[in-house]
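Thanks for coming. Please have a look at the sequence and the model first.

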Amino acid sequence: GNATYAQVGSLMDLGNFADYMAAEIYYKNGDWPNNNVRAWRAPEHPWKFMIYDLDHGFGWKWGVNGGEFDANSTNMFSWIKKGGGNKPCKETGCFANLYIKLIKNPDFKRMFLNRAALLYQNYVNFSNVSKTVDKMVASMSSSEIERDQEKFHPHGTDYGSFSKDGKVFKNWAEERDGQIFGEYQDEFGLSGMVSVTIAAEGEGSVLVEGASLPKGKFTGKFFGGIGMELKAVPSQGHMFNGWSDGSMDPVHVINTDSDISITAKFL
């Protein structure tokens with residue numbers, strides 16, 4: 001219910017949790033969620049989760065969890081619902097239960113889907129993986145790479161799992177970009193994507209499901225038909241003056257059945 005959901009939101013940062021889950025799903029981390037879970041909080045603040053230990057992500061095929069996880073064929077939503085193994089997530093301490101329970105709440109589900117779409121288009125994607133890999137490769141000498149490959153032979157697999165230029169990482173991420181939205185549509189029975197344009201007129205900004213946008217006027221693709229919560233945030237010394245669709249509520253859930261453009265006006 002709403003009261004329980006609000007109570008959970010006071011204990012953990014639900015927007016952070018949505019981003020965290022979406023990122024782990026993208027990375028296809030096989031050694032998770034039954035392992036490698038980390039969270040932190042500052043005094044008087046809710047818990048936040050952080051990505052930790054991704055050596056079984058990004059298509060790495062070294063066996064994990066007794067061979068139950070397959071880097072190519074395993075569906076991450078099914079993997080999470082099994083708690084990261086071959087048995088249902090039933091025990092009280094099963095971390096995956098947080099997601100399994102929360103995704104049944106329509107407000108969390110809407111937020112999770114919208115923030116996932118935002119994350120994949122702007123932050124966790126082939127373009128940013130490529131830039132990060134190039135930066136890392138440029139920082140390593142070829143002699144050190146060869147030395148480490150000789151010393152840490154990858155558990156009997158061949159060196160085809162590695163590339164000095166990071167090509168394996170890049171190829172994986174490019175393919176993952178093409179898969180991820182379809183996997184969400186299959187999991188949640190969604191029909192397609194719509195284009196949403198969000199802008200601010202005057203001194204202020206707009207949050208999408210509590211998340212900041214990468215730029216003032218933003219156009220992105222989102223899962224159609226689930227709605228979207230927008231929040232108008234005036235800059236200091238200014239005030240909100242309504243949405244372009246006539247609503248005067250600073251927290252506004254818009255319909256996303258089709259392409260839409262909306263502007264927050266500030267004075």
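First, the ground rules. This is a predicted model, so to speak of a local feature I need pLDDT of at least 70, and side-chain atom pairs count only at pLDDT 80 or more, while totals for chains, interfaces and linings use all residues. Residues are numbered from 1 along each chain as its sequence is written, and side-chain values use heavy atoms, with hydrogens and water left out. Helices (H or I, at least four residues) and strands (E, at least two) are DSSP runs, numbered from the N terminus.

Start with the helices. Two packed helices are described by the angle between their axes and the distance between the axes. Axes here are lines fitted to C-alpha atoms, for helices over the stretch in contact, and angles run from 0 to 180 degrees between N-to-C directions. Helix α6, residues 126–138, packs on helix α8, residues 167–188, at about 170 degrees, with the axes 8 Å apart. That makes α6 roughly antiparallel to α8; the cut-offs are under 35 degrees for roughly parallel, over 145 for roughly antiparallel, 65 to 115 for roughly perpendicular, and oblique for the rest. On the α6 side the contact (heavy atoms within 4.5 Å) uses F126, V129, S130, V133 and D134, and on the α8 side F169, K170, A173, E174 and D177.

Within that contact, D134 and K170 form a salt bridge, with the closest N and O atoms 2.6 Å apart. A salt bridge here is a side-chain nitrogen of Lys or Arg within 4 Å of a carboxyl oxygen of Asp or Glu. D134 lies in α6 and K170 in α8, so the pair ties together parts that are 36 residues apart in sequence.

K109, F112, L113, A116, A117, Y120 and Q121 of α5 meet I180, F181, Y184 and F188 of α8.

Now the sheet. Four strands form an open sheet in the order β5-β4-β7-β9, with antiparallel pairing; strands pair if DSSP finds at least two bridges between them. The edge strands are β5 (211–212) and β9 (251–254), each pairing on one side only.

E209 leads back to α5. R110 forms a salt bridge with E209 at 2.8 Å between the closest N and O atoms. R110 lies in α5 and E209 in the loop between β4 and β5, so the pair ties together parts 99 residues apart in sequence. Both R110 and E209 are buried, meaning under 20% relative accessible area, against exposed over 50% and partly exposed in between (1.4 Å probe, protein chains only). R110 also meets E229 in a salt bridge, 3.7 Å from N to O. D107, R110, E209 and E229 are linked in a network of salt bridges.

Last, T263 in strand β10, residues 260–266. Is T263 buried or exposed? T263 is buried, at 19% relative accessible area.
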